[in-house]
Amino acid sequence: MSRPSQDDILRLYRMLRLVRRTEEEIARIYPSDKIKSPVHLSIGQEFVSVGAIDPLNADDVVGITYRGHAAYLAKGGNLNTMMAELYGKAGGCAGGKAGSMHLVGMDVGVLGASAVVGTSIPIGLGYALALKREGKGRVAMIFCGDGATEEGVFAESLNFAALHKLPAIIVCENNSYAIHAPHSKRWATDKLCERVGTYDIPTQLVPNGDVFSVRDAVQDVLAGVRAGDGPAFIEAHCYRWREHVGPNEDFDAGYRSRKDLIPWLENDPMAVLGAMLTLEDRAAIDMDVETAIAEALDFAEASPFPGPEELMTHVYAE
Amino acid sequence: MSTQSNAGRLLSYVDALQEAVDQEMARDDSVFVIGLDVDDHKAIQGSTKGLVEKYGPERVMATPLSEDAMTGVCIGAAMAGLRPIHVHIRMDFLLLCMNQLINMAAKAHYMYNGTVKVPMVARSMIGKSWGQGAQHSQSLHSMFMHIPGLKVVAPSNAHDAKGCMIQAIRDNNPVIFVEHRLLYFTESYVPEESYEVELGKARTVVEGTDITIVGISNMVVECLRAQELLKEAGISAEIVDPISLRPLDSETIAQSAAKTGKLLVVDNGWTGAGASAEILAAVAERPADQRPEVMARMGYAPTTCPTTPALEDHFYPNPVTIAAKAYEMARPDGRAWTPDPQAAKLAYQKQFKGPF
């Protein structure tokens, strides 16, 4: 594991803080009904997206999930247009037509999310196929959850990616739950990396909830993926702090206990990195983040709803 | 619409498909073919013949048996600027692709507000006959016609096969391309140069005055044979081929039906919630003075397709049953008529080459 530089820590903290505070603000506003879309918050899991995306280049692409706010922002997605999208406004990144579950940012290499689990995996691979043909060493990083690894399309996708040595890095955010169902109800065996390994795809497990470990795991494989060695797979354990969909906590629902949260809370990468900074640096970043979020909320408020004529635009491409 | 020709080079439907793809692949590097066995010795019944030798395995790409993921791969590649032609040897197999085709391919351009396009073609074959049976014969075009964002085209002749394929490849939307296996060896005059057949424009194949018969896919050929039989019974039938089903040129069909007063739609599909239902509804919605007096539809028997020919013979509309139905509609006060069996036999041999 390489020692992160102070620049690395500053940069990663800034993005962790931005995502966390954005998600918390979304949760705070949610009861006002200004946000017109189900939201699947990244709170607690941000470090996987932030750590994994950090080593990528601006011209790499990222396939995100419906729990995609962290990956969208980490790749350089615009916070203003993301917020406006959640508000259902014309100024949203998809003109209000997508909402939280289908965020997209093609201008910064964020492929559109799908609300159907697993659907975006082969699409990211198709993009990787095009990148392979292009021959410039660009890669596609494709996020998925642990639930997606049960879909048949996951196995189909791994096989094809390996067969054609596609320049893809699949990052699995394993938070143990598919909505409310734990692994014990869904998985015959807890051997995800081994399953992936049967396709001769190199795998890395990051169980420790550490943003630098996630980043290092990607760094370890990135050059090889760019060079045409074939795809790589990273499984990062994480924990979803809030309910599956919506702004609230749900530890009293019965399917999991608050005590499971405690080790993750204590190990929160945002707090861990924050503690590595000087008070001044941290305060400055925190202030920037609050300003950016306030601007995004203003932008979303001020943006108009799309007019009724927008209903029928873009049904077909010219 | 291309120039019609009644002379020149006769080409089979399957060779016309191959030529369309070959010409587009030569013209545009981003076009590629992908699917199970697109590169083998059978070459998808000849429709991909010679392509892998000419363009190599990266542009004529075999796939594992993974229709779901491969459809996603085509969508992603299309979003990245390539133009995939995904080939399925049976339309029945498209059922394995539905999530990707309907939830992503059809919706991406809209959902992402025009920031991506999905210029892909999904080719598939309708089986029919010789014991293809329940799962190797279906045409499911009406399922795809239902979905905004998809285009659906079912050319009935070699000329349109080439022109529609070129148009479909150049179209920036996902196009479901429906090919009937029994049409593969029918021939028509096909220009050697590249040309497009515009989607959303129906063709009146034969003009008539007594009844309008719309045929879909190979039913166009069966309707043309029925039209010959009806001529002998003194009925002048106008045969219309919609060519593309979404967009659908209901205007041409409605005008013909208003002229003849009678509309029969013959589909290669079930009538229940089928393409024929859509066509009749589109015509029925017109003001009263623009509607035909009589409307009916024919299609598969409302059952699963049996394999044995003894039963399969009764599953599909054929020139005899089509002519009998049309006669009944055109002469409601006359006695029932079915064509002479000898004449019907001859009708089966008739080939229609054009002009189209």
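How many residues of chain A are in contact with chain B, and how many residues of chain B take part? The count is 35 residues of chain A and 42 residues of chain B. This is a predicted model, and the account below starts from that interface.

The area buried between chain A and chain B is about 3,200 Å². Carbon and sulfur atoms give 65% of that area. Polar contacts do occur, with 15 residue pairs between chain A and chain B, both residues at pLDDT 80 or more. Which elements supply the chain A side with two or more residues? They are helix 5 (120–134) and helix 6 (152–163) of chain A. Helix 5 of chain A gives the largest share, eight residues. By class, the side of chain A that touches chain B holds 19 nonpolar, 11 polar and five charged residues.

Salt bridges come next. Over all chains, the rule counts 38 of them. One joins Asp286(A) and Arg17(A), with the closest N and O atoms 3.2 Å apart. Asp286(A) sits in helix 12 (residues 279–302) of chain A and Arg17(A) in helix 1 (residues 6–29) of chain A, so this pair ties together parts 269 residues apart in sequence. Are these two residues buried or exposed? Both Asp286(A) and Arg17(A) are buried.

Helix 12 of chain A also holds Glu301(A). The side chain of Glu301(A) meets that of Lys34(A) in a salt bridge, at 3.0 Å from N to O. Lys34(A) lies in the loop between helix 1 and helix 2 (46–53) of chain A, so the pair ties together parts 267 residues apart in sequence. Lys34(A) is partly exposed, with a relative accessible area of 35%. Glu301(A) is partly exposed too, at 38%.

A further salt bridge links Arg138(A) and Glu134(A), 2.7 Å from N to O. Arg138(A) has a relative accessible area of 18%. The cut-off for buried is under 20%, so Arg138(A) counts as buried. Glu134(A), at 33%, is partly exposed. Some salt bridges share partners: Arg21(A), Glu24(A), Glu25(A), Arg28(A) and Glu290(A) are joined into one network.

Now the aromatic rings. The whole structure has 10 aromatic pairs over all chains. How far apart are the ring centres of Tyr239(A) and Trp264(A), and at what angle are their planes? The centres are 6.2 Å apart and the planes are at 10°, so the pair is stacked. Tyr239(A) lies in the loop between strand 8 (232–237) and helix 10 (258–266) of chain A, and Trp264(A) lies in helix 10 of chain A, so the pair ties together parts that are 25 residues apart in sequence. Tyr239(A) is buried, at 5% relative accessible area. Trp264(A) is partly exposed, at 21%.

Tyr327(B) is in helix 12 (residues 319–330) of chain B, and Trp337(B) is in the loop between helix 12 and helix 13 (341–349) of chain B, 10 residues apart. Tyr327(B) counts as buried, at 13% relative accessibility. Chain B also carries an aromatic cluster made of Trp270(B), Tyr300(B), Phe315(B) and Tyr316(B).

One packing site in chain B deserves a look. Thr71(B) is in helix 3 (residues 67–79) of chain B. Thr71(B) is buried, with a relative accessible area of 1%. Which residues is Thr71(B) in contact with, leaving aside neighbours within four places in sequence? They are His86(B), Cys97(B), Gln100(B), Leu101(B) and Met120(B).

Most residues other than glycine have a negative phi, and most peptide bonds are trans. A cis peptide bond joins Arg246(B) and Pro247(B), with omega about 5°. Pro247(B) is in the loop between strand 12 (244–246) and helix 9 (250–260) of chain B. Ser176(A), not a glycine, has a positive phi of about 80°. Ser176(A) lies in the loop between strand 4 (168–174) and strand 5 (177–178) of chain A, and is partly exposed at 29% relative accessibility. Asn113(B), also not a glycine, has a positive phi of about 55°. Its loop runs between helix 5 (108–111) and strand 5 (121–126) of chain B. Asn113(B) is partly exposed, at 21%.

Conventions. Residues numbered from 1 in each chain as written. Chains lettered and ligands numbered in written order. Predicted model: local features only at pLDDT ≥ 70, side-chain atom pairs only at ≥ 80, totals over all residues. Heavy atoms only, no water. Contact = heavy atoms within 4.5 Å. Buried area = accessible area lost by both parts, 1.4 Å probe. Polar contact = N/O pair within 3.5 Å; in protein donor to acceptor, adjacent residues only side chain to side chain. Helix = DSSP H or I, 4+ residues; strand = E, 2+ residues; numbered from the N terminus. Nonpolar A, V, L, I, M, F, W, Y, C, P; charged D, E, K, R; others polar. Phe/Tyr/Trp six-rings, centres within 6.5 Å; stacked < 30°, edge-to-face > 60°. Buried < 20%, exposed > 50% of the residue type's maximum accessible area, 1.4 Å probe, protein only. Salt bridge = Lys/Arg side-chain N within 4 Å of Asp/Glu carboxyl O.
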